[in-house]
Amino acid sequence: MNTGTFVCSCADTCDIDLVEAREGVEGVDVAASSQMLCGDGRDAMSAVIDDHDLDQLVVTCPDSGVQESLRELAVDHGLHPDAVEFVDQREGAGWVHGESAATDKTARLANAAATRLDHEPIERTHTREAGDSVAVVGDPDTAVALADTADVTLVADGEELAGEPDLDEVTVERGRVADVSGQFGDFTLTLEARVTEDCISCMECVRRGPDGMVTSRPVDIDPEAPGGEWTDCCPVEAIETDGVTRELEVDQVVYPGAAADTRGGRIGFYTHVDAGTVSAIESMLGGYEGPDHLDLDMDVCAAGKSGQEGCTACVDACPHGAVERPRVDDVDFFKEACRNCGACTSSCPTGAVTLRDPDNERIARQVEALLRPTTDDSGGWLFDHGSEGIETPVVAFVCSERAAEAISEYGRRSQIGSDIEYPPILPVRVNCTDTVGEAHVTHALAAGADGVAVVGCGDSCLHSGPDPKAELVERLNRATSDLGLGDRVAFFAPDLADHESFVSELDAFVGGLDASPVPAGEHEASGRLDPGAGGGESGAALTDGGVAARPSGGPRPNPDFNSHDWTLESVRAILDHADPERDVIRGLKDFAAVEVSDDCTLTPTCSNLCPTDALRRDGAELQFSHERCVNCGLCEEGCMEDAISLDAGLHLNRLPENRGGEAWEAAFEGAMRECANCGKPFASEGTANKIQDEVGGLVAGLTAGDENVFDYCSDCRVRLLHGSGEGGER
């Protein structure tokens, strides 16, 4: 693919040096500049596209109208409209930074944009079939509005519906809603009523019952209604004062006033009604088709198929009810409920679930491009630390929703006289700040960032909860301090009504950062562990019988750029230049060290449960590989002897590079019992003693002599109990 970059100063309203910005562009086939690409430079741009046979374009232009015209220009030259990537050199650079910083930032942004084009995902959609049934709770107007297109059931929820017009096409159900469960296309409403379905609407209970406590359409009785002789009036005995429940199954639910169980709301479950609600419901009658945001590889999920709960990170993180656990050891993803916030992917340690756009590799390459100092034609730095340009490189993961718009608005206000200027942070747009996890932050620091800013919506975010990312920032500053870097991470929520706070807080953060000891522009992530890591000398993991299983030094099944492997790679890159304050790096959730007590009987439960093969049995020794452990907790939960505990954090002294290259260590050393007949080791002493203690009394006296059946392997035990003669010849 031939790529061209076009840098514009927007009629010289942007405070950037076009020549230096153009010279700072790298990795493309041609770089050109113009004072006004949408005007006088348009013909020259066309000529460059033709002369260099360009397939992709990077253009510095934030205006949506001009962007559309430039896409049309690209299409006229045979390019796909999506083969044009735009850069904000104006609101995000030239209008809010000084000339040298804005020039440097523009070149870096253009380089990152070219990287984004190189990692553009193929669009993919997800569909889910559904019917046309809709339950509307207590809102006759909405029920009537939907009746022409949907199969509508109006749940009275205690309301008197007598006199409500136009309900002929609506099914009216008695009862109050006790619960709503399920997902789009498969909702179940549990209804509680005091009148059964045997009711013939004779109105006797309405006439005789307490005033205002018995509705006539539908006939139902208030749970607070007092009892008395009047309850015996029903000729068909349909009154049930203790209440009856029944279930209603529908595809979508309108329940005004219900508490939303997720911040963004469940798809197909509407807790308020506005002008767009009816249209939204009608658009999904019969089914749903939308973008498929996630890639799933449940074979590497740390929840396992073990009968134990294990990792719950994605379920705990999802703010939209799109992830559930139907069983203790299973995970279900409802893609139609996914809002593409990235919360599940940033929390997943193994890469079982990953975002498609932007995927972690795309984010990594943008960060690396932004942090590479811009160079001139001779290969020297155009700008560097302590000179002009960006002196303190800070990567900013910016929410593409409200936060990005607020920052753009700051730029527009600055241009018309508000005099807003803030440090030239290097933005990477993410779907939501929930996309950002420990791997993204540690990678940015490994690539040479002096600091990392997480820029989001604040408490108004429909994804993150109150005080978003506070826990992440606290954890990662603990980790960076332990790594010898000090505090390097902060969260910011730009407010359209208060740019002063954003500017002052960002100024304080950037101004308080010391230059990182990690050089910028050198680290390029692979997103995986060293292929030889974890293998020791033999390069083979052992099963409980000492037989080689999956090669520990071979390819791991986890996808590249999974959180655990990517974080560990980044920490190792940081430690090449930093002196850690502690042997245990706290704050990194995807790491733990196993501690095993003397209660261990060497049963194979833990090694069988471990989803990352961090535990293995070699004869009478239980071995552990710290660099493989993702802190899922399955071994601790599943240990029948409660002999295993996890010490969270990255233990540097337990990594192979600090143990003479040995990835495996002895977590517990026991003894093997050898068969009294054939001499073959067949069980650990702990296991044999435990079984003997539990069932020894049941098998006493089964042998002809004084032999202990627990001293024999399974083959020789059969001969002992059923054979004759001595030893193995019985």
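**Close-up 1. Lining of the second largest pocket.** Of the 27 residues that line the second largest pocket, Ala317, Ser347, Glu471, Arg475 and Lys589 lie nearest its centre. The model is predicted, with pLDDT of at least 70 required for local features and 80 or more for side-chain atom pairs, while totals for chains, interfaces and linings use all residues. Residues are numbered from 1 along each chain as its sequence is written, and side-chain values use heavy atoms, without hydrogens and water. A pocket is an open set of points on a 1 Å grid over the protein atoms alone, where a 1.4 Å probe fits, with protein on both sides within 12 Å along at least five of seven lines; lining residues have an atom within 4 Å of a point. The volume of the second largest pocket is about 560 Å³ (the space filled by probe spheres set on the points, which are joined across faces, edges and corners). At least two lining residues come from each of α9 (313-317), α10 (343-347) and α14 (470-482), and α14 gives the most, with 4 residues. Helices are DSSP runs of H or I with at least four residues, and strands are runs of E with at least two, numbered from the N terminus.

**Close-up 2. Packing of helix α13 on helix α16.** The axes of α13 (residues 438-446) and α16 (residues 563-575) come within 8 Å and cross at roughly 25 degrees. α13 is therefore roughly parallel to α16 (angles under 35 degrees). Axes are lines fitted to C-alpha atoms over the stretch in contact, and angles run from 0 to 180 degrees between N-to-C directions. The crossing is left-handed (the near helix is turned anticlockwise from the far one by less than a right angle). Contacts (heavy atoms within 4.5 Å) involve residues including His440 and His443 of α13 and Trp566 and Ile574 of α16.

**Close-up 3. Packing of helix α11 on helix α13.** The axes of α11 (residues 360-371) and α13 are 10 Å apart, at an angle of about 25 degrees. This pair crosses in the right-handed sense. The contact is formed by Asn360, Ile363, Ala364, Val367, Glu368 and Leu371 of α11 with His440, His443 and Ala444 of α13.

Close-up 4. The Arg217 to Pro218 bond is cis, with omega near -5 degrees; Pro218 sits in the loop between β11 (214-216) and β12 (219-221). The Asp357 to Pro358 bond is cis, with omega near 0 degrees, and Pro358 belongs to the loop between β20 (353-355) and α11.

Terms used: Parallel < 35°, antiparallel > 145°, perpendicular 65-115°, else oblique.
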